[in-house]
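Here's a quick briefing to read alongside the model. Have the sequence and the 3D view open as you go.

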Amino acid sequence: MDDDLYRQYILDHYRDPRNHGHLEAPDCHAAETNPLCGDRVELDLKLDGDRVAEVRFDGRGCAISQASASMLTERIEGATLEELRALRPADILEMLGVTIGPARQRCALLGLRVLHECVGGPYTGRYDEDMADDPAMEEPAADVK
Ligand code: ZN
């Protein structure tokens, strides 16, 4: 797909988010806000053993943050907790398919951050040793200062 098609795909997820809403009595719930542009993502997971049986998200904010969360929910249905913890920022950026500058990467990665908070994964929105494949993520967002 070229960039235009990816942009259409992002807008489609933004306008018609998949797995939108909440679950009753989720096995885990997490929510985070991206202070840079006020995006918010909440995530509910219901597990069957160590697999995702159901997932819902709710939130508000820019198209990239909401579309990324929507795509992420589709991707993780049926995944194991181990697979969720193994997801990396690079996987999310690849899933979105367009080049995203450092400031907007916070938006794109908010869903992953919430997911990892939910399941005890390593991504906290900050670079650390566990994310050694991902140093570029932590370049300062000079364009928003
Ligand atoms: Zn945003």
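Two residues count as in contact, or touching, if their C-beta atoms, placed from the backbone, lie within 7 Å. Keep in mind that this is a predicted model: local features need pLDDT of at least 70, side-chain atom pairs count only at pLDDT 80 or more, and totals for chains, interfaces and linings use all residues. Residues are numbered from 1 along each chain as its sequence is written.

**Asn 34**
- Leaving aside residues up to four places away in sequence, Asn 34 touches Asp 39, Ser 65, Arg 106, Cys 107 and Leu 110.
- Arg 106 sits 72 residues from Asn 34 along the chain, yet their C-alpha atoms are separated by 7.0 Å.

**The hairpin**
- Asn 34 belongs to strand 1; strands (E, at least two residues) and helices (H or I, at least four) are DSSP runs, numbered from the N terminus.
- Strand 1 (residues 28–34) pairs with strand 2 (residues 39–48) in the antiparallel sense over 7 bridges, where pairing takes at least two DSSP bridges.
- The two strands make a hairpin with 4 residues between them, and Gly 38 in the turn has a positive phi of about 80°.
- Across the pair, Glu 32 stands opposite Val 41 of strand 2.

**The core**
- The largest nonpolar core has 28 residues, and Leu 43, Leu 72 and Leu 112 are among those with the most contacts inside it.
- Such a core is a set of buried Ala, Val, Leu, Ile, Met, Phe, Trp, Tyr and Cys residues joined through C-beta atoms within 7 Å.

Notes. Buried ≥ 20, exposed ≤ 12 C-beta atoms within 10 Å, placed from the backbone.
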